[in-house]
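Here is a briefing on the structure shown below.

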Amino acid sequence: MGRRVVIAEDEAIIRLDLKEILESEGFDIVGETGRGDEAVDLVDRTDPDLAILDIKMPGIDGIEAARRITSQHRVPVLILTAFSQRNLIEEARDAGVAAYLVKPFQRGELIPAIEVALARFEEYRAIEEEHARLTDEVASLEGKLETRRLVDRAKGVLMDRHDMPEAEAFSFIQRTAMTRRAPMRDVAQQILDGQIAPE
């Protein structure tokens, strides 16, 4: 059975393109809308495996919709952004967005972007599970965001300096944390400080 997807894009032609591409790749479109507020409701009702949201939509924008979806659900969000909106990507990441795709996109770019979103979402979930073990609820959200930032920066160092693919870089951080019985954020910081490196 294909993964279940909600699409929220206010341009009908782009929405249709997305639907056709995804269905031809075996995805199951369980809801579609042109409004951000309706996207949140659709995710509530259909419990998909992925939500694809445009940044600019009526109702509420894609970033606010992503914030609401990621705070209530364990659903990865892929955001569509026009090239001129790239400055919003940092804001989108803080809203829990797992990956983004710049419009206009080619057919061949969509599936890899979805794979990145799904893989990063699994990373975020691993970070959340670790945080649940380590901290109380008060420091939780701030701690998770800080951990995610540190882990992202450490992944970047491993990818640049040691030529690792992104998934392998995350696995290295996770494995090292388990082996050393240390939090992932501490391992990430030590990678950034040059104290830990792959053999």
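**Helix packing: H7 and H8**

In H7, Phe170, Phe172, Ile173, Gln174, Thr176, Ala177 and Arg180 meet Met184, Val187, Gln190 and Ile191 of H8. Contact means heavy atoms within 4.5 Å. The model is predicted: local features need pLDDT of at least 70, side-chain atom pairs count only at pLDDT 80 or more, and totals for chains, interfaces and linings use all residues. Residues are numbered from 1 along each chain as its sequence is written, and side-chain values use heavy atoms, with hydrogens and water left out.

- By class, the contact of H7 with H8 has seven nonpolar, three polar and one charged residues. Nonpolar covers Ala, Val, Leu, Ile, Met, Phe, Trp, Tyr, Cys and Pro; charged covers Asp, Glu, Lys and Arg; the others, Gly among them, are polar.
- The axes of H7 and H8 are 9 Å apart, at an angle of about 115°. Axes are lines fitted to C-alpha atoms, for helices over the stretch in contact, and angles run from 0 to 180 degrees between N-to-C directions.
- That angle makes H7 roughly perpendicular to H8. The classes are: under 35 degrees roughly parallel, over 145 roughly antiparallel, 65 to 115 roughly perpendicular, the rest oblique.
- The crossing of H7 and H8 is right-handed. Right-handed means that the near helix is turned clockwise from the far one by less than a right angle; anticlockwise is left-handed.
- Helices (H or I, at least four residues) and strands (E, at least two) are DSSP runs, numbered from the N terminus.

**Helix packing: H2 and H3**

- Helix H2 (residues 36-46) and helix H3 (residues 62-72) have axes that come within 9 Å and cross at roughly 20°. H2 is therefore roughly parallel to H3.
- This contact is made by Gly36, Ala39, Val40, Val43 and Asp44 of H2, with Ala65, Arg68, Ile69 and Gln72 of H3. Its residues divide into five nonpolar, two polar and two charged.
- The crossing of H2 and H3 is right-handed.

**Nonpolar cores**

- The largest nonpolar core has 23 residues. A nonpolar core is a set of buried Ala, Val, Leu, Ile, Met, Phe, Trp, Tyr and Cys residues joined through side-chain atoms within 4.5 Å.
- Strand E1 (4-8), helix H1 (12-24), strand E3 (50-54), strand E4 (77-82), strand E5 (99-103) and helix H5 (107-134) each supply at least two residues of this core. H5 gives the most, with seven.
- Val5, Leu18, Leu22, Ile52, Leu78, Leu110 and Ile114 have the most contacts inside the largest core.
- Beyond four places in sequence, Ile52 is in contact with Val5, Val6, Ile7, Ala8, Leu18, Leu22, Leu78, Leu80 and Ile114.
- Apart from this core lies another, of 22 residues, including Val40, Met57, Ile69 and Val75.

**A buried arginine**

- Arg148 is in helix H6 (residues 140-162). Arg148 counts as buried, at 14% relative accessibility. Buried means under 20% relative accessible area, exposed over 50%, partly exposed in between (1.4 Å probe, protein chains only).
- Leaving aside neighbours within four places in sequence, Arg148 contacts Arg93, Gly96, Tyr124 and Ile127.

**Backbone geometry**

- Most residues other than glycine have a negative phi, and most peptide bonds are trans.
- The Lys103 to Pro104 peptide bond is cis, with omega near -5°. Pro104 lies in the loop between E5 and H5.
- Asp47 has a positive phi, near 50°. Asp47 lies in the loop between H2 and E3 and counts as exposed, at 52% relative accessibility.
- Arg181 has a positive phi, near 50°. Arg181 is found in the loop between helix H7 (166-180) and helix H8 (184-192) and counts as exposed, at 80% relative accessibility.
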